Structure formats: structure tokens, C-alpha cells
Amino acid sequence: MKEDYLGAAGNGFNDWLWQRASAVILLLTLPFPFILVLCLLGGCLDQAEFLNLVVHPFAKAAHSLLLFAMLTHAYLGLKLIMEDYVPALALRLSLLLATLAVALGAGAWALAMIWSW
Amino acid sequence: MTERPLSPRLSIYRWHAQAVASIVHRASGLLLVVAIPFYLCLLSGLTGDAASFESTMSALQSPLSRLLVWLIGAALVYHFTNGIRFLCLDMGLGESREMLRMSAKAMLAIAGVAAVVLAAVLL
């Protein structure tokens, strides 16, 4: 039986795949908030128009997906950087767990906010 | 820890476009992590009551915020376009040495142009 929880090519592949899957979701969703912020800064959108756009159920669902992908992508990217530049195991695992806790907390807080609108 | 030299050995390797594209992807990604709390604060402020919307918008217009938006915008354009390049490479597109070199330079150039355009708009 393949012991993929040990192997460099086993569970590492999961990270690789999730990093790509979340990248594709971000590729499709991230342009919208980017454009909205530019419109707000440019003054071509007031708060009522802005709220109308973000409170639509489709927008909420897409926004939730975007936040999930964003936090997953950020966590995996930070994990990769830590694995490359933090050789001390105890420090690396502590940083990794702290990052995961912050990402989960931020995700829960953001989802609660979006679905309270 | 042992005294082995760690890879990558930056003093030995010659810098080339592909390596620059790769390390800038990592650096811009790290910068974009900072953009997440910024984005969440912005979202919270802009969807609050009218007073909270106004104060968030005026905070967004401050020089420091504009600088931050410029940095995040430039990093986002680079990470976004070079991310598409990486996805293409994963699918086996553009893997020849010439294409790798050319596409790396193209992504850096696009981000450079975007940084100049964003600076003209924001700063």
C-alpha cells in the first residue's frame, strides 16, 4: 500500500492541485472586486449602487467562493515559503498552525459579514 | 543545523528572466497576503452605514492608502498575469527555452507598464 502521507510526491500533490484550483477560481472572480474598487475610487459608483451589486445572492455566493479561494491560495503560498525558508521544524510548524488559524478565523468572520447583508 | 550550503546558491547561479519572474511571483504573492486584511477592512467599512462608507472612502484617499493601493495593484497585476503563465506551463504550453524566456520578460514588462499606469492614476 502506498504510504502517501510520508512521501514528497504524495500529499505534496494535494497542495499543488489546491493551489492551481484556487488560482483558477481567483482568475475568474478577482477582476470584479478589482474593478469595483477602481469605480469607487473614480467616483463613478455611490454606496447605494455598490450595495445593490454586492448583496445580490449570486454575488454573495461568488464572493464566498472568492474568499475561500483567496485564503486557501494565501495559506498554501505561505506554507511553500515557510517550507523553503524556515528550516527549524518547531518554528515552521508553529508558524504554519498560526497561519492556518488566522486564515480560518478570517474566513469565518468574512463569511458571517457577507451573509449578514 | 548542519553547515551545508542551502540551495538556491545565489552567489553561483547567473540571474535570468525565468528566475526573476519566479522570485517576483513569490514576492508579489507575499505582498498580496497583506492585501487580504486590507480588503476585508475595506469591505466591512464600505458596506456599513453611510457615515462608515464616507470615512472609509476618505481614508482610502489618503496618501498612505493610495501608496498601498498602488503597491497591491501592481503586485496583483503581476501575480495574476504570471499566474496565467504558470498555469499554461502546467498544461505544457510554452515550455521551450525561448518561449520561457520571452514570456517571463513579457509578464515583467506588462506589470511594469501597469505599475506606471496605476501610479499615474493613483499617486
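**View 1. A buried glycine in chain B.** B:G83 is buried, with 21 other C-beta atoms within 10 Å; that counts as buried because the cut-off is 20 or more. Keep in mind that this is a predicted model. You'll find B:G83 in helix α3 of chain B, which covers residues 63-90.

**View 2. The largest nonpolar core.** This core has 15 residues, and those that touch the most other members are B:I72, B:A74, B:A75, B:L76, B:V77 and B:Y78. Three helices of chain B each supply at least two residues of the core: α1 (17-46), α3 and α4 (97-122). The largest share comes from α3(B), with 8 residues. There's a second, separate core too, made of 11 residues, and A:A23, A:L66, A:M70 and A:Y75 are included in it.

**View 3. Zooming in on B:L76.** Leaving aside residues up to four places away in sequence, B:L76 touches A:F34 and B:L32.

**View 4. Where chain A meets chain B.** The contact takes 19 residues from chain A and 18 residues from chain B. On the chain A side, two or more residues come from each of α1 (11-29), α2 (31-42), α3 (47-54), α4 (57-85) and α5 (89-114). Helix α4(A) gives the largest share of that side, 5 residues. Sorted by class, the side of chain A that touches chain B has 16 nonpolar, 2 polar and 1 charged residues.

**View 5. Helix α4 of chain A on its own.** With 29 residues, α4(A) reaches 42 Å from its first C-alpha to its last, close to the 42 Å expected at 1.5 Å a residue. Which residues of α4(A) are buried? They are A:H63, A:L66, A:L67, A:A69, A:M70, A:L71, A:H73, A:A74, A:Y75, A:L76 and A:G77.

**View 6. α4(A) packed against α5(A).** The axes of these two helices, α4(A) and α5(A), come within 10 Å and cross at roughly 170 degrees. Angles over 145 count as roughly antiparallel, and α4(A) and α5(A) are therefore roughly antiparallel to each other. Among the residues making the contact are A:H63, A:L67, A:L71 and A:Y75 of α4(A), along with A:L96, A:L100, A:A103 and A:G107 of α5(A). The class tally for the contact of α4(A) with α5(A) is 15 nonpolar, 4 polar and 3 charged residues.

Key:
Residues numbered from 1 in each chain as written. Chains lettered and ligands numbered in written order. Predicted model: local features only at pLDDT ≥ 70, side-chain atom pairs only at ≥ 80, totals over all residues. Contact = placed C-beta atoms within 7 Å. Helix = DSSP H or I, 4+ residues; strand = E, 2+ residues; numbered from the N terminus. Nonpolar A, V, L, I, M, F, W, Y, C, P; charged D, E, K, R; others polar. Buried ≥ 20, exposed ≤ 12 C-beta atoms within 10 Å, placed from the backbone. Expected span 1.5 Å × (residues − 1). Core = buried A, V, L, I, M, F, W, Y, C linked by C-beta atoms within 7 Å. Axes fitted to C-alpha atoms, helices over the stretch in contact; angles between N-to-C directions. Parallel < 35°, antiparallel > 145°, perpendicular 65-115°, else oblique.
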